[in-house]
Amino acid sequence: MKRKVKGLQRILKVRDTQKKLKESALAKAGNQCAILEQNANRIRNLQNETLSGVEAIDADMLSARMELSERLVDAERSIEASMETARQDFAHAERQNLAARTTYEGTEKLLNSNLQKARKSEIFKNDIRHNILYNIGNNKRKDRRDDW
């Protein structure tokens, strides 16, 4: 039983490490989503600033603003695609984190159950040994009484 408990303790350490790795991956994916959201907001604000103050001083300035606006639209599209990928990565990391936590908790419950069984069996063995020794002493006394 002790060997089984030691094996489960080693497995529990591995599961704990896996759980920590999945938590860090989840945090990284969440940070990536947040950074992309901030970039998308910055691009939208820049695009609004570019289009809001439209004064046609000359044709070159108008052409530069139009080109900048087109590039910002393209950047917004690519950021949206990146955000979708990041959200999918975050969902995947969330599922893996949940699976790692569930596995860890199951292993922990199994280990605790086996530890309880081992303690109970050890107590039971000690009680039986004590009772056997006690009973042997009592049986010898009975034998002596019957001989008289």
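The following legends describe close-up views of a predicted model.

**View 1. Overall architecture of the predicted protein.** The protein comprises two helices and zero strands. Of its 148 residues, 18% count as buried. The accessible surface comes to about 11800 Å², and carbon and sulfur atoms contribute 53% of this area. Among contacts with a separation of 6 or more, 87% involve residues 24 or more positions apart.

**View 2. The largest nonpolar core.** Eight residues form this core: Cys 33, Leu 36, Ala 40, Ile 43, Leu 72, Ile 79, Met 83 and Ala 86. Helix 1 (2-52) and helix 2 (59-147) are the elements that each supply two or more of the core residues. Ala 40 touches Ile 79 and Met 83, when residues up to four places away in sequence are not counted.

View 3. Arg 44 forms a salt bridge with Glu 80, with the closest N and O atoms 2.9 Å apart. Because Arg 44 belongs to helix 1 and Glu 80 to helix 2, the pair ties together parts that are 36 residues apart in sequence. Arg 44 is partly exposed, at a relative accessible area of 29%, and Glu 80 is also partly exposed, at 32%.

**View 4. Salt bridges within single helices.** In helix 1, Asp 16 and Lys 20 lie four residues apart, about one turn of the helix; their closest N and O atoms are 3.4 Å apart in a salt bridge. In helix 2, Asp 74 and Arg 77 lie three residues apart, again about one turn, and form a salt bridge with the closest N and O atoms 3.4 Å apart. Asp 74 counts as partly exposed at 45% relative accessibility, whereas Arg 77 counts as exposed at 57%.

Technical notes. Residues are numbered from 1 along each chain as its sequence is written. This is a predicted model: local features need pLDDT of at least 70, side-chain atom pairs count only at pLDDT 80 or more; totals for chains, interfaces and linings use all residues. Side-chain values use heavy atoms; hydrogens and water are left out. A nonpolar core is a set of buried Ala, Val, Leu, Ile, Met, Phe, Trp, Tyr and Cys residues joined through side-chain atoms within 4.5 Å. Buried means under 20% relative accessible area, exposed over 50%, partly exposed in between (1.4 Å probe, protein chains only). Contact means heavy atoms within 4.5 Å. Accessible areas come from the Shrake-Rupley method with a 1.4 Å probe; for residues, only the protein chains shown count as cover. A salt bridge is a side-chain nitrogen of Lys or Arg within 4 Å of a carboxyl oxygen of Asp or Glu.
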